[in-house]
Amino acid sequence: MGRGKIVIRRIDNSTSRQVTFSKRRNGLLKKAKELAILCDADVGVVIFSSTGKLYDFASSSMNTIIDRYNKTKGENRQLDTAVSEIKLWQREAAALRQQLQDLQENHRQMMGEGLSGLTVKDLQNLENQLELSLRSVRTRKDQVLMDEVQELNRKGALIQQENIELYKKISLMSEENLELHKMRRSHKNQLKNGLSDGEDCPVPVQLQLSQPQHQDNEATTQMSNVWRKDSLISQANNCLCLAVEGQFSSFYH
């Protein structure tokens, strides 16, 4: 009669668990040694008991085997990562292709093409979608037009304000030009009257010799010229008065 099948689970009895651990540990290490000898393989086994005790076996050197394991594991991980990344991109590409096909089909349906395979419900949904899109387009168009009208109104107000400022400046310049014209006309009339009065009565001119005086600056020279002009004008007025008195006296005699 053969042995019954052993259920693989944790042994509750600590003594039985320790005996089973010792037997199976020795069997595992023996099998590892036989595998290394028979198959010319690098074998490394590391076992920690429940109490933390270390048991190990290495066909060559444990450090060499561990280094080789880490290196090979890293290369396999990179390869697995590259393969996984390729598969991920393939899935992304397939999803994008499917999405592009759906969008193209939806675009054709919105343009009124490819409607033969649609049901009444699909057509109703397409109609509702088109109405929503049209409403959104009209709302956006109205908003853009309102913004443009407001911008034009703002620019018009600025232009009107600039026109008002220019009109004020032009009016001010016109007033200044008018004042200058009046002053020029008055000055011409004064000069004309002065010259006509001066022709009838010669103005006596007295010349005196004096030492030349050096002026300190231009202001003094200008003031002297002004005084001379005032003196000549005063003499001309005196001469005019004398001439008028002579005319009156001759008239009465």
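1. Quick reminder before we start: pLDDT is the predictor's own confidence in each residue, on a scale from 0 to 100. What you have here is a predicted model, and its mean pLDDT is 79, with 75% of the residues reaching 70 or more.

2. Strand 1 (residues 44-48) has the highest confidence, at 93, while helix 4 (residues 218-252) has the lowest, at a mean of 55. Residues 199-216 stay under 50 throughout, and the model gives this stretch seven contacts beyond four places in sequence. Where pLDDT is low, the predicted coordinates should not be read in detail.

3. On the overall layout: the protein has four helices and two strands. Starting from the N terminus, the order is α-β-β-α-α-α.

4. How much of the protein is buried? Of its 253 residues, 7% count as such. The accessible surface comes to about 23300 Å², and carbon and sulfur atoms hold 57% of that. As for contacts with a separation of 6 or more, 22% of them link residues 24 or more positions apart.

5. Helix 2 deserves a look of its own. Spanning residues 62-110, this helix has 49 residues and reaches 70 Å from its first C-alpha to its last, close to the 72 Å expected at 1.5 Å a residue. Which residues are buried in helix 2? They are M62, I65 and Q109. An α-helix has 3.6 residues a turn, so residues three or four places apart point the same way.

Definitions and conventions. Residues are numbered from 1 along each chain as its sequence is written. This is a predicted model: local features need pLDDT of at least 70, side-chain atom pairs count only at pLDDT 80 or more; totals for chains, interfaces and linings use all residues. Side-chain values use heavy atoms; hydrogens and water are left out. Buried means under 20% relative accessible area, exposed over 50%, partly exposed in between (1.4 Å probe, protein chains only). Contact means heavy atoms within 4.5 Å. Accessible areas come from the Shrake-Rupley method with a 1.4 Å probe; for residues, only the protein chains shown count as cover. The expected span of a helix is 1.5 Å times one less than its number of residues.
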